Amino acid sequence: MLRTATLVITFLAGFIMIAAFFFDVGFLSVAEAQIQDWGVIVAAFALAMASINLIQVNVNKAVSSENVTDKICSFVLLASLAGMSIIGLTKGPTSDTYNVLFDGIMAPGQSTVWALGVFYIASAAYRAFRVKNADAGLLLFSAAFVMLGAVPVGEVIWSGVPAVSQWIVDVPNMAGMRGMLIGAGIGAFSGGLRLLLGIDRTEVG
Amino acid sequence: MLSKLGRIDSRVLYFILLLSFIIPLLRPLGLPMVISDEVQKTYDLIESLPSGSRVVVSFDLSPGGYDELAPATVAVFNHMAMKGIRMVGMSFWDAGPSLLDRSLAGSLYADKEYGTDYVNLGFLAGGENAMSAVARDITGAFPRDFYDRPTANMPIFDGLQAFKDVELVIVVATGNPGVPEWIRQVGDPMDVPIATIVIAGLVADYAPYMQSRQLIGMIPGLRGAAGYEALIDMLGRGTAGLDAQSAAHLMILFFVLIGNIVYFVERKREKDEADEEGAAS
Amino acid sequence: MTMSNDLSVWIAALVTIGLISFVFKENLYYRIVESLYVGVSAGHAIVLGWGNIRNLAVRPLGEGNLAVIIPIALGLMLFTRYFQKWSRVSRIPMGFLMGLGAGLSMRGLVGSQIVNQIKACYLPLNSMNNILIIAGTFAVLSYFFFTVEHQGFVGKSAQIGRYFMMLCFGAAYGSTVTGRISLFVGRLQFLLGDWLGILQ
Amino acid sequence: MIQGRLFTFWLFVIMSVVMLYAGSYVKKGNKTIKIRRLTPLEAIPEAIGRATEAGRPVHFSPGLAAITGQDAPQTLAGISLLRYVAKLTAKYDVRLIVTIRRPEVLPLAQETIRQSYLEEGKYDSFANVSVQFLSDQQFAYAAAASGVIMREKPAASFLFGAFWAENLMLAEVGTQVDAFQISGTASIGQVPFFVTTTDYCLIGEELYAAAASLTADEVFLGAILGQDICKAIMVALLVAGVIATAFGSDLFIKLLSL
């Protein structure tokens with residue numbers, strides 16, 4: 001019963017979106033708008049749920065982990081989560097205290113984690129990027145031009161670098177990406193169809 | 001000697017790389033950046049918009065990519081503010097509104113009137129669905145802005161209900177939901193032009209959309225920022241970091257080169273040794 | 001420029017250094033800073049998620065709009081997954097969100113990702129670039145046929161497709177490197193400029 | 001019908017019908033559908049053979065994604081490949097080390113491996129398998145998994161599933177211990193790094209095709225057949241339109257714009 005209800009709701013939500021896109025029928029547009037507005041609200045609840053998962057995992061760790069470092073870290077995580085939420089919910093996300101936490105921890109934290117990638121790229125470039133075959137050779141050729149085309153020194157090395165780099169991105173890369181884009185589109189369509197009709201293995205939930 | 005090079009500690013590599021960043025930052029050479037075609041086109045596009053027209057800027061980014069996108073965003077904001085273009089800002093990533101707030105504060109919009117010339121609507125959950133819902137009814141989806149003020153009576157929304165009255169959407173993006181979602185929910189079906197300020201890592205991915213004109217402008221990361229800053233004649237951070245970028249790019253290519261020389265020389269030696277052993281037995 | 005006296009700049013500098021230290025060696029300082037930022041990010045999601053619920057559901061409900069009871073109920077049902085006995089109920093709102101998402105992306109992508117992309121290949125065969133664009137798209141599509149063995153014409157076409165993809169991956173590799181370098185430059189500009197004040 | 005959406009609508013209908021038909025065709029017992037050769041897949045026994053000869057273990061990671069959400073199919077494909085790898089390690093008595101990032105993937109991986117060892121009649125050797133949950137944080141997992149690879153020096157390392165920026169750490173340390181590495185991911189942005197740092201890589205949808213060909217699962221196979229037919233339709237549209245355009249006709253441009 002519950003399973004049937006889930007399948008029907010899944011199908012209807014998707015079907016109305018699709019039907020309203022193709023047919024200009026009054027009640028479909030109304031239903032589409034209504035469902036979309038509801039979707040935003042439910043998604044906002046779902047956003048909070050992801051954080052609850054994190055709380056659950058870390059409460060377990062803070063309580064039962066044998067590793068002291070893990071315990072401390074889980075505790076720090078829970079404390080900072082609680083602190084941010086409480087300040088945000090009471091004083092609002094534009095208050096000064098909140099901004100200090102956002103500008104001091106969240107923004108630089110995330111951007112440093114992303115930036116660290118450059119170190120792994122450097123050591124992998126040195127140790128693991130081997131031109132073993134034609135595939136890797138072509139890849140390196142294209143990568144080298146695109147990299148040099150992105151910085152002024154490329155033009156200093158050879159005046160043709162920016163043009164070749166642009167050509168690689170606009171022609172062979174474009175064609176290849178387009179092929180993959182169409183293929184991935186068909187793949188996503190197939191996944192969506194199976195989900196709407198409830199024939200997927202990775203079923204809802 | 002070569003086999004020693006092959007076993008070099010990663011931390012030595014990291015240190016060398018770090019120096020290649022820091023030295024040119026402290027002692028820049030000032031190599032100029034060529035303004036690429038796509039940046040020029042995007043500049044022309046904004047230059048062609050009449051004063052008073054309304055542009056939606058969607059801040060769909062993680063703070064992870066903000067350092068890379070902020071200089072270009074500020075440059076574009078400055079250009080728009082100089083032209084008297086009105087900016088409707090919104091976000092579908094939770095970090096977006098605060099970052100938009102910082103970019104606005106660092107641009108010429110800071111001197112303009114909030115609610116008339118620009119607005120920061122804040123965040124809406126649900127990604128693609130939220131984009132589609134906003135495009136249909138802007139103030140309906142955002143009854144209050146990021147600062148919790150009611151939006152319905154703001155002058156910027158006079159005669160502006162849906163995206164069909166918007167001249168352009170600029171997506172400031174680090175991933176999904178972002179450019180492909182905007183194109184398929186708003187750009188294509190509602191016939192609204194879409195442009196993007198995007199991290200370098202996605203430039204190659206979005207090339208098909210540029211060629212098909214589903215995307216009519218693209219400013220790639222920090223490199224695009226340098227070009228744009230030159231075009232509006234307001235040099236900023238995009239230009240300042242260029243030499244460090246040059247040096248680091250060269251260093252990484254150099255690492256690939258040395259790594260492969262070591263690899264091929266060692267492989268040849270192993271092969272020679274194997275041949276000799278074969279000959280001896 | 002002089003050294004910053006802004007509190008958030010100082011905190012940010014300590015966070016940045018702590019995270020960078022990870023590439024040299026994993027350490028307690030790094031682990032604590034990481035936990036801090038993951039916690040703050042999750043808190044931020046809760047705060048903004050609540051902002052949406054308040055503006056779009058709670059306030060309208062207070063103004064007498066009873067229709068919002070439905071999405072509120074659906075949203076609350078999500079949380080049943082934390083109670084063993086009722087956990088299956090959370091599949092209903094998940095199904096609603098996933099069905100909505102699937103329908104939206106399907107209706108959009110056929111036009112924007114398939115039809116318009118094919119249409120953009122209808123180019124006159126009057127330049128090498130146009131021919132490469134058409135041939136490349138064709139070849140890459142043929143690479144992803146899985147029920148046909150890569151032999152004969154399909155095999156050759158797929159091989160060419162593979163070469164095109166390698167050029168793509170090279171471009172993606174190169175531009176990702178550029179991106180990461182830009183980010184790191186940004187971090188150093190922050191440390192050396194905003195914090196220490198030794199950049200002009 | 002809303003203007004300008006006629007062609008898209010019919011294509012939508014055709015794609016749906018084709019996919020449903022392909023699904024039921026496979027379900028009716030027409031399992032004769034063969035997935036084409038996938039070189040990385042064929043290299044798996046060779047990699048495990050090397051581990052057997054060298055007396056060194058095998059490392060496997062099913063990626064960093066969960067079993068729900070957008071990237072779940074990648075994790076599930078990774079688990080299908082794990083079933084295959086575990087059968088081989090059971091058969092040749094090679095030690096298998098699996099590193100896990102998501103807590104909810106742990107029981108799934110354990111159960112899959114146990115099943116494989118049972119099927120091979122090597123349940124006693126199951127004790128020889130080590131499935132380790134390392135950390136739910138992306139980089140903490142990657143650092144810990146790198147540590148495991150560095151210590152255990154596997155002769156083969158398999159990375160199948162969703163990966164992000166951390167993949168370079170795993171692939172690089174694999175290169176350092178001289179492991180034969182086979183990877184596969186549908187996270188297209190990460191494929192370039194796998195192509196350059198591992199010996200073989202399943203590119204994009206090849207990951208799903210590999211899982212389908214190993215499990216012979218009806219739903220997977222049906223989906224692949226349906227997608228192939230749709231791709232053939234797109235290729236036909238592409239070729240026909242290009243030929244028409246070459247002869248100066250804008251018939252197809254008009255058709256697709258309907």
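Predicted model: local features only at pLDDT ≥ 70, side-chain atom pairs only at ≥ 80, totals over all residues.
The crossing of helix 4 of chain A and helix 6 of chain C is left-handed. On the side of chain A, the contact is formed by A:S111, A:T112, A:W114 and A:A115 of helix 4, which meet C:R180, C:L183, C:F184, C:G186 and C:R187 of helix 6 of chain C. By class, the residues of this contact comprise 4 nonpolar, 3 polar and 2 charged.

Helix 6 of chain C also meets helix 6 (residues 134–149) of chain A, the axes coming within 7 Å and crossing at roughly 40°. Helix 6 of chain A and helix 6 of chain C are therefore likewise oblique to each other, and their crossing is right-handed. Among the residues that make this contact are A:L138, A:L139, A:F141, A:V146 and A:M147 of helix 6 of chain A, together with C:Y163, C:M166, C:L167, C:F169 and C:V177, which belong to helix 6 of chain C. The contact of helix 6 of chain A with helix 6 of chain C contains 14 nonpolar, 5 polar and 2 charged residues.

Over the interface of these two chains as a whole, 95 residues of chain A are in contact with 96 residues of chain C. At least two residues of the side of chain A that touches chain C are supplied by each of helix 1 (2–22), helix 2 (26–64), helix 3 (68–91), helix 4, helix 5 (117–127), helix 6, helix 8 (161–170) and helix 9 (172–197) of chain A. Of these, helix 9 of chain A gives the most, with 18 residues. The side of chain A that touches chain C is made up of 69 nonpolar, 23 polar and 3 charged residues.

Chain B has 12 helices and 6 strands, and its C-alpha trace spans about 90 × 40 × 35 Å along the principal axes. The radius of gyration of chain B is 24 Å, whereas a compact globule of 281 residues would have a value near 19 Å. Of the 281 residues of chain B, 56% count as buried. Among contacts in chain B with a separation of 6 or more, 75% are accounted for by residues 24 or more positions apart.

Methods: Residues numbered from 1 in each chain as written. Chains lettered and ligands numbered in written order. Helix = DSSP H or I, 4+ residues; strand = E, 2+ residues; numbered from the N terminus. Rg over C-alpha atoms; globule rule 2.2 N^0.38 Å. Buried ≥ 20, exposed ≤ 12 C-beta atoms within 10 Å, placed from the backbone. Contact = placed C-beta atoms within 7 Å. Left-handed = near helix turned anticlockwise from the far one by under 90°. Nonpolar A, V, L, I, M, F, W, Y, C, P; charged D, E, K, R; others polar. Axes fitted to C-alpha atoms, helices over the stretch in contact; angles between N-to-C directions. Parallel < 35°, antiparallel > 145°, perpendicular 65-115°, else oblique.
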